[in-house]
Amino acid sequence: CPPHDVHRRAPLAHLGELRGQLRSGGELVLETLVVEGGDGVMLEPRGRYAKMRNVWCIPSPATLLHWLRASGFRDARIADVGATTAEEQRRTPWLRFESLTDFLAPADPSRTVAGHPAPRRALAVATRGT
């Protein structure tokens with residue numbers, strides 16, 4: 001896999017750091033953006049993904065599981081995958097920044113303004129091995 005993930009340029013190193021923060025048998029709960037596809041599938045957007053500056057690569061759930069196992073986690077599983085909704089990612093009186101609706105194509109909200117698939121996220125759970 002390339003040396004990128006969603007918010008970190010070196011996902012395996014970052015997952016290794018997270019693993020190092022857990023005791024043997026400790027559990028990691030990780031929420032991250034994902035794209036559809038099998039092992040080895042990932043999106044590496046040129047420029048920005050949905051106007052976000054810190055998205056380098058978005059793995060498929062299968063690729064994310066591969067990364068977790070390669071980083072020394074065991075019993076890695078995807079607990080949930082779902083769409084990111086405008087109801088949860090929205091502008092509020094105290095956060096006036098752009099929100100999800102600003103990042104999606106007006107004519108096709110299943111795509112970002114740059115034409116990529118709209119954000120989906122996965123909740124992964126894995127256990128630190130010994």
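Okay, let's start with Ala 118, which counts as buried because its relative accessibility is 17%, and buried means under 20% relative accessible area, with over 50% called exposed and anything in between partly exposed (1.4 Å probe, protein chains only). Quick background: this is a predicted model, where local features need pLDDT of at least 70, side-chain atom pairs count only at pLDDT 80 or more, and totals for chains, interfaces and linings use all residues. Residues are numbered from 1 along each chain as its sequence is written, and side-chain values use heavy atoms, leaving out hydrogens and water.

So where is Ala 118? You'll find Ala 118 in the loop between strand S6 (108-112) and S7. Strands here are DSSP runs of E, at least two residues, and helices are runs of H or I, at least four, numbered from the N terminus. Setting aside residues up to four places away in sequence, Ala 118 touches Tyr 49, Leu 104, Pro 109, Ser 110, Arg 111 and Thr 112; a contact is heavy atoms within 4.5 Å.

Now the sheet. Three strands make an open, antiparallel sheet, in the order S1-S7-S4. Strands pair if DSSP finds at least two bridges between them; S4 and S7 are joined by eight. As one example, Ile 78 sits opposite Ala 124 in S7.

What about the helices? H1 lies across S1, S4 and S7, at about 115° to S4. H2 packs on the sheet too, touching S1, S4 and S7, and its direction makes about 155° with that of S4. Those angles run from 0 to 180 degrees between N-to-C directions, with axes being lines fitted to C-alpha atoms, for helices over the stretch in contact.

Which residues of H2 are buried? Pro 61, Thr 63, Leu 64, Leu 65, Trp 67 and Leu 68. Just after H2, Gly 72 has a positive phi of about 95°.

Last stop, the core. A nonpolar core is a set of buried Ala, Val, Leu, Ile, Met, Phe, Trp, Tyr and Cys residues joined through side-chain atoms within 4.5 Å. The largest one has twelve residues, including Leu 15, Cys 57, Phe 73 and Ala 124. H2 gives the most to this core, four residues. Apart from that core lies another, of eight residues, among them Leu 33, Val 35, Ile 58 and Phe 103. In soluble globular proteins, nonpolar side chains tend to be buried together.
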